[in-house]
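Please read them with the structure open.

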Amino acid sequence: AQLDTLDIIVLVALLLGTIAYFTKGTYWAVPKDPYANSYANANGGAKDGQGRNIVEKMDESGKDCVVFYGSQTGTAEDYASRLAKEASSRFGLKSMTADLEEFDFDTLDTFPENKVAIFVMATYGEGEPTDNAVEFYEFIGSEEPTFSEGTPAAEGPLSKLNYVAFGLGNNTYEHYNAMVRKVDEYLSKLGAKRIGEAGEGDDGAGTMEEDFLAWKEPMWTALQEALNLEEREAVYEPVFEVTEKDDMDATNDLVYLGEPNRNHLENKQKGPYNAGNPYIAPIAESSELFTDKTRNCLHMEIDISGSNLSYTTGDHIAVWPTNSGKEVNRFLHILGLADKKDTVITVRGLDTTAKLPFPSPTTYDAVVRYHMEISAPVSRQFVASLSQFAPSEDIKAELTKIGSDKEYFQQKVSSKNLNLAQFMQIMSGDKPWSSVPFSLFIEGLHKLQPRYYSISSSSKVQPKKISITAIVESIEKPGAPHVVKGVTTNYLLALKQKQHGDPKPDPHGLDYAITGPRNKYDGVHVPVHVRHSNFKLPSNPETPVIMVGPGTGVAPFRGFVQERAALAKSGEKVGKTLLFFGCRNAKEDFLYKSEWEQYKADLGDNFELITAFSREGPKKVYVQHRLKENGKEVDELLQKKANFYVCGDAANMAREVNTILAEIVAKNRGLDQAKAEDVVKAMRTSNQYQEDVW
Ligand code: FAD
């Protein structure tokens with residue numbers, strides 16, 4: 001056949017392409033990866049089977065101490081970094097942190113006796129390991145883990161290993177701190193020697209930070225003794241080097257202005273979308289379910305049709321927030337960086353094991369706005385580490401006192417609801433603290449975390465649109481000079497204002513960079529990803545369901561009821577659908593009031609909404625009371641294998657509901673309280689009783 005011109009062009013192009021491919025890097029330059037030091041790459045951990053031997057890794061990099069972390073949302077990872085830093089600055093231990101997922105554990109039996117391994121383990125969900133700790137947990141907890149030297153488990157293969165353990169848990173869950181307890185048990189069973197007590201931090205009681213601080217001092221003393229360490233005056237040793245790039249401009253295409261990763265930087269966002277890679281989703285609709293003088297409650301519809309994201313009813317959506325301009329400016333001002341906010345900086349790990357929390361090159365403004373949790377409560381340990389950079393001797397003495405005295409800290413900082421920049425402003429009379437290295441903040445502040453929302457729509461009814469129901473956080477404490485404005489929810493409120501035509505949305509003077517880095521969120525967009533959950537409707541719609549969801553706790557139940565109403569409408573048989581909802585009063589904050597009427601029309605008598613209004617009558621009535629009043633019906637449904645769901649406040653409501661359910665079971669089945677509690681426990685184990693609490 002004859003070749004026509006097009007064929008020839010194609011063939012020539014293919015030939016050139018092939019030559020180019022095979023000569024790559026020889027005859028033409030491969031552009032140097034500008035992100036070679038970005039967080040994805042700077043990570044010293046191992047991948048794909050290479051360098052997964054922790055003992056070797058520590059040997060090569062001259063480390064004496066490894067802090068492993070099992071972390072889901074980043075908190076355990078933060079604590080691990082803090083321990084590693086302290087081990088180094090106070091005791092001169094060469095330390096590294098290590099993601100449990102990135103190492104194998106069969107060589108732990110060769111871990112040198114003069115070194116130490118610290119395990120910081122978060123417990124996730126119902127006493128489960130975090131995703132990155134699953135393999136480690138399964139290995140260490142198996143009947144007969146096989147170690148490199150072949151010593152059987154019964155003969156203590158880990159007898160040389162010194163370890164330290166701290167757990168992050170929440171006492172409102174049944175399996176409180178199960179992970180650290182189990183890991184501690186397994187390690188000691190294998191002969192390893194624990195140094196100090198195994199610590200337990202309690203997020204449920206809100207004492208995580210103080211639990212950690214109280215645990216670590218005696219632990220360091222024990223470690224000092226065990227490894228014969230000498231304490232020295234803590235000197236700050238940066239983990240990251242921050243360099244200002246005068247030869248680069250913030251308009252340069254290589255500079256990250258808040259884009260979370262390289263694809264976003266290059267305008268090529270693509271899935272899979274997850275905790276490391278958000279989808280910049282259009283907000284299809286937004287409204288306020290109610291507003292009163294002090295509260296706003298948002299309803300939003302997030303359009304995921306342009307992505308490969310999917311969800312099922314009961315899942316969570318994660319929203320990636322942006323700090324408000326007001327707080328960003330305050331922070332940059334007090335650090336003396338206001339004039340340099342757009343200066344390009346590169347951030348580099350000073351040793352191979354340092355993991356960057358955001359991509360570089362970037363700017364001060366972008367780091368503070370998109371990557372640092374700058375509005376959160378101040379940590380006492382951070383105050384102590386800040387003291388050496390105080391602008392005067394007096395301030396230094398005050399910081400040292402605050403940092404070392406729990407009560408004084410409470411009085412000067414916690415009780416006032418201050419964030420870090422506000423605290424620094426008060427300390428210095430608003431004079432900038434120009435000598436604090438920026439790296440101290442990168443290392444000492446938390447990474448800005450996505451916030452989760454229980455999806456309030458049904459995936460069967462609207463598979464490509466995710467509903468959010470969120471109360472806008474605005475917390476006033478009596479006597480505190482500052483009103484805490486929730487980071488994410490006020491940002492969402494600004495987006496809602498923009499969608500409704502406000503050209504400069506500015507809730508409470510917070511002033512957001514609402515169009516995102518390089519206007520990439522223009523229109524009305526928000527970065528999100530979806531997290532799948534186990535909080536699920538029964539697969540058979542005839543199974544009855546009982547739902548308890550006061551306030552925004554009703555979010556997933558709107559999805560549940562929406563789904564069951566749609567099934568009923570399409571002719572399916574749907575079982576009893578009983579919802580307990582509570583709010584202040586019927587006129588003020590009754591979420592989705594008219595929608596429930598529609599669902600009732602579709603589901604008929606099979607849908608029952610039982611309300612509790614806490615501020616209507618002389619006595620406060622909560623969902624717990626209503627549950628008790630309806631105990632007989634609840635128990636009958638449970639005996640018919642109804643699923644029982646609770647969503648919302650973990651600290652009080654969910655716990656009380658659990659107690660009341662046991663009372664209901666006891667009363668209606670003639671059991672004593674202990675037996676009834678066992679029945680409720682068994683319901684949890686078999687997933688008949690499910691919680692989505694926060
Ligand atoms: P943040 O800035 O995170 O502040 C939260 C709170 O921390 C403040 O209210 C305050 O109490 C405290 N705080 C912050 N800074 C300070 C300071 N400087 N000093 C003292 N205290 C401070 N919420 C919903 O509304 N609807 C839902 O459907 C929903 N579902 C959820 C599902 C899951 C699985 C989880 C884990 C949480 C859910 N939440 C839900 C809660 C939600 O994720 C957020 O925590 C909430 O919206 C607040 O986020 P924010 O960024 O606005 O507030």
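1. Ground rules. A polar contact is a pair of N or O atoms within 3.5 Å; within protein, one atom must be able to donate a hydrogen and the other to accept it, and residues adjacent in sequence count only if both atoms are side-chain atoms. This is a predicted model, where local features need pLDDT of at least 70 and side-chain atom pairs count only at pLDDT 80 or more, while totals for chains, interfaces and linings use all residues. Residues are numbered from 1 along each chain as its sequence is written, and side-chain values use heavy atoms, with hydrogens and water left out.

2. H299. Start with the side chains of H299 and Y592, which are joined by a polar contact of 2.7 Å. H299 sits in strand 10 (residues 296–303). Strands are DSSP runs of E, at least two residues long; helices are runs of H or I, at least four long; both are numbered from the N terminus. H299 counts as buried because its relative accessibility is 8%. Buried means under 20% relative accessible area, exposed means over 50%, and partly exposed lies in between (1.4 Å probe, protein chains only).

3. Ligand shell. Which residues are closest to the ligand? They are Y452, Y453, E473, T488 and T489, from a shell of 26 residues. By class, the shell has twelve nonpolar, ten polar and four charged residues. Here Ala, Val, Leu, Ile, Met, Phe, Trp, Tyr, Cys and Pro count as nonpolar; Asp, Glu, Lys and Arg count as charged; the others, Gly among them, are polar.

4. A backbone N or O atom of S375 lies 3.0 Å from a ligand nitrogen. R451 uses its side chain: one of its N or O atoms is 2.9 Å from a ligand oxygen. Y452 uses its backbone, with an N or O atom 2.6 Å from an oxygen of the ligand. Taken alone, the ligand exposes 970 Å², and the protein buries 79% of that. These areas come from the Shrake-Rupley method with a 1.4 Å probe; for residues, only the protein chains shown count as cover.

5. Where the shell comes from. Strand 14 (451–454), strand 15 (465–471) and helix 16 (487–499) are the elements that give two or more residues to the shell. Strand 14 gives the most, with four residues. Domain 3 (241–533) and domain 4 (545–693) each supply at least three residues. The domain bounds come from an automatic or database domain assignment.

6. Cysteines. C647 is buried, at 0% relative accessible area. C65 is also buried, with 0% relative accessibility.

7. T363. This residue is in strand 13 (residues 362–363). T363 is buried, at 2% relative accessible area. A polar atom of the T363 side chain lies 3.0 Å from the backbone nitrogen of A366.

8. Cis peptide bonds. One joins G271 and P272, with omega about 0 degrees. P272 is in the loop between helix 8 (262–265) and strand 9 (279–291). Another runs from S360 to P361, with omega near 5 degrees. P361 is in the loop between strand 12 (344–349) and strand 13.

9. Positive phi. N519 has a positive phi of about 60 degrees, although it is not a glycine. N519 lies between helix 16 and strand 18 (525–531), in the loop. At 48% relative accessibility, N519 is partly exposed. N687, not a glycine either, has a positive phi of about 70 degrees. Its loop runs between helix 22 and strand 23 (689–693). N687 is partly exposed, at 44% relative accessible area.

10. Two further loop residues. S71 lies in the loop between strand 1 (65–70) and helix 4 (75–91). S71 is buried, at 12%. L671 lies in the loop between helix 21 (650–669) and helix 22 (673–685). L671 is partly exposed, at 30% relative accessibility.

How values were computed:
A residue is near a molecule or strand if one of its heavy atoms lies within 4 Å of it.
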